[in-house]
Amino acid sequence: MEFVDYLQAVTDGVMQGAYYALIGIGFTLIFGVMNKINLAYAAAAFGGAYASLGVAALMNTGGDFGLPPLLMFLASAVAAGLFAWVVYTICFRFTPDHYELATLMATVGAFFLIEEIAVHATDGEPMDFPEVLHGIVEDPMIEFSDAFAIRGDLLTIFILALIAMAVLLLLLYRTKLGLATRAVAQQRTAAQLCGISVDRTNATTFIIAGVLGGLAGAMIGAAVGVLSPLLFVPLTVKGLIVTVIGGLGSIPGAIVAGLLVGGLENVFLALRGITERDMYVMLLLFLFLAFRPQGLFGKKVLRD
Amino acid sequence: MDDFTWGLVQIVGVHTILGLSAYVILLTGQVSMAQAGFVAIGAYVAGMLTVLAEWHIIPAMVTGGLAASVLACIVGFPALRIRGLMLVVATIAFGEFVRLFWFNFDYRIAKGDIVVGPEGGEGFKQIRFFPENGWTTQDVAAFVWVVAAIILATLWWMDRSRAGKVLRAVGEDEMAAQSVGINLTVVKVAAFTAGGFIAGIAGAIYAHYTTHIEHLNFDILMATFAIAYPILGGLANVWGTLFAAFFIQVIVIEVLRDLGDVRNLMFGALIILVMNFLPHGLFSAKVVRKLKEWMGIGKMSDA
């Protein structure tokens, strides 16, 4: 491979890494506020993308999908936010606070429940996702030379993801809601003493994370062209890897790690092929766990 | 009983062993989502030993278990630096890594007029030790349960010995355990090693009774089964795991077969329900104490 091929692989990968970053942010947000992992998160995000297909099918009047492209993303985000709230209610709200095992197990149960519902609703067949991006992007390729081009659909996804991240950061750092969320994340009891409803803040965080996940789900659908329950496990694993590499609880970490994993993954793909790609991503995680367990931006974990 | 029922007896036995492999690790308060990976190592190693090297099943099974325990020991060490939820992520990734390793693993040799051995994504076919040696389904079921009984008895005995107390002490409160002189490193790594060995044994048996394994057998669902049995059954003693394996494999999956695919939904829903209403599992320490009082045993014990 020549240098320009690497450049192409990294560029495509970093742009695709945008949805890893979004999923990583979702895991990290929930971890930051609740100190727990929601293993059903990526499944709920895909649930949103499936729901947007359902909405599109309902509103389908002509031969083509009846929804404008951006509405597909919106429908997916809203539905995923709703599913995230359901997951919060059935897995987090009533399980004991100081016994993480119960919550963790419940989210694994929710993962399989959502996966099975998706399998049943679609008879286990992959569903075609409309090429919504082609409605937005006129020219599918921005060519710089024979060997290097930027794919228009990926660029659109990348920009959309950046906008979503910017909105999230504004929400967290410039609004009262964000202040409450950060307060609960920092010192739960103190936040409660200031009159913040921890339960409501937790639920809101889940919904925000769910909305981001729904966007990521629709983006993946649009970029890959199909939705399949077979995507649930790999995306959950990738999202978790991104979360750990970025540092648990760190949003900038999740963004950087998402783009990093996306870029490196595409290089591994080019060098070693699809069957071995993910093994190298996991080796990267093991390297981080061995030498920098707090991740890129995480706080150093001292022995307690 | 027909062959189908005997087959079910085998499945419950192997799943009980699988659940016990996670039980040992859970006692120390660690969650391992890598059990399916250890099962895969035991399955492939033992399968290759009986098929390619023509070993007997018992040494092959023990070697498969040892191979898995070596890997588990290696996984156990980072578990000391990373804790709690990070360990969940690390073990999920490790389990998937092992699965992908076998997906890419190709090693076949000609044996007579057929080629045998693991063949990457196609899987590992023709693991025919049982049929070739004339074992009937009943013999295999008996073999599975002898192994399961040995492991159940060993863990039951361990639970009542000092070793069990030490494991539970680490699980309850690491700092308190450390302050009375318990070496956390030794305890945690030992628990992982033992859990890996038991999972490897489960894998070796699994490979031989199904005769055909592939990487997809050892996915997150299997890892979930492993931790679900002890967690749903309760960590008070080994019987909870046995009961949960029986309940899920026989009642939820087989007896309700008439419900069709809907029963797959029930596994997830069942976990969520139990965790909301009985977060410490069905046979939690409290329930077991009540049961003992009710039956009039154990009143004089230290309970």
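I began with helix H3 (residues 69-93) and helix H4 (residues 100-121) of chain A, whose axes come within 8 Å and cross at roughly 145°. The axes are lines fitted to C-alpha atoms, for helices over the stretch in contact, and the angles run from 0 to 180 degrees between N-to-C directions. Helices here are DSSP runs (H or I, at least four residues), as are strands (E, at least two), numbered from the N terminus. I noted the crossing of H3(A) and H4(A) as right-handed.

H3(A) brings A:Val87, A:Ile90, A:Cys91 and A:Phe92 to the contact, and H4(A) brings A:Thr103, A:Ala106, A:Thr107 and A:Ala110. I count a contact when C-beta atoms, placed from the backbone, lie within 7 Å. The residues of this contact split into 6 nonpolar, 2 polar and no charged. Nonpolar covers Ala, Val, Leu, Ile, Met, Phe, Trp, Tyr, Cys and Pro; charged covers Asp, Glu, Lys and Arg; the others, Gly among them, are polar.

**Ground rules**

I am working on a predicted model, where local features need pLDDT of at least 70 and side-chain atom pairs count only at pLDDT 80 or more, while totals for chains, interfaces and linings use all residues. Residues are numbered from 1 along each chain as its sequence is written, and chains are lettered from A and ligands numbered from 1 in the order in which they are written.

**A:Gly109**

Next I stayed on H4 of chain A and picked A:Gly109. A:Gly109 counts as buried because it has 27 C-beta neighbours inside 10 Å. The cut-offs are 20 or more other C-beta atoms within 10 Å for buried, 12 or fewer for exposed, and in between for partly exposed. Which residues does A:Gly109 touch, not counting those up to four places away in sequence? I found B:Gly268, B:Ile271, B:Ile272 and B:Met275.

**The A/B interface**

I have 33 residues of chain B in contact with 36 residues of chain A. On the chain B side, H4 (78-81), H5 (85-103), H11 (220-233) and H13 (262-277) each supply at least two residues. H5(B) gives the largest share, 12 residues. By class, this side of chain B holds 24 nonpolar, 6 polar and 3 charged residues.

**Core**

The largest nonpolar core has 203 residues, and A:Leu22, A:Ala161 and B:Val39 touch the most other members. Such a core is a set of buried Ala, Val, Leu, Ile, Met, Phe, Trp, Tyr and Cys residues joined through C-beta atoms within 7 Å. Beyond four places in sequence, A:Leu22 is in contact with residues including A:Ala161, A:Leu212 and A:Leu215.

**Chain B overall**

I logged 14 helices and 4 strands for chain B. Its radius of gyration is 20 Å, close to the 19 Å that the globule rule gives for 303 residues, so chain B is as compact as a globular protein of that length. The radius is taken over C-alpha atoms; the rule is 2.2 Å times the number of residues to the power 0.38. Of the 303 residues of chain B, 47% count as buried.

**Positive phi**

A:Asn35 has phi near 60°, positive in a residue other than glycine. A:Asn35 sits in the loop between H1 (3-34) and H2 (41-58) of chain A. In chain B, phi of B:Thr211 is near 65°. B:Thr211 lies in the loop between H10 (184-210) and H11.

Note on methods: Two residues are in contact if their C-beta atoms, placed from the backbone, lie within 7 Å. A crossing is left-handed if the near helix is turned anticlockwise from the far one by less than a right angle, and right-handed if clockwise.
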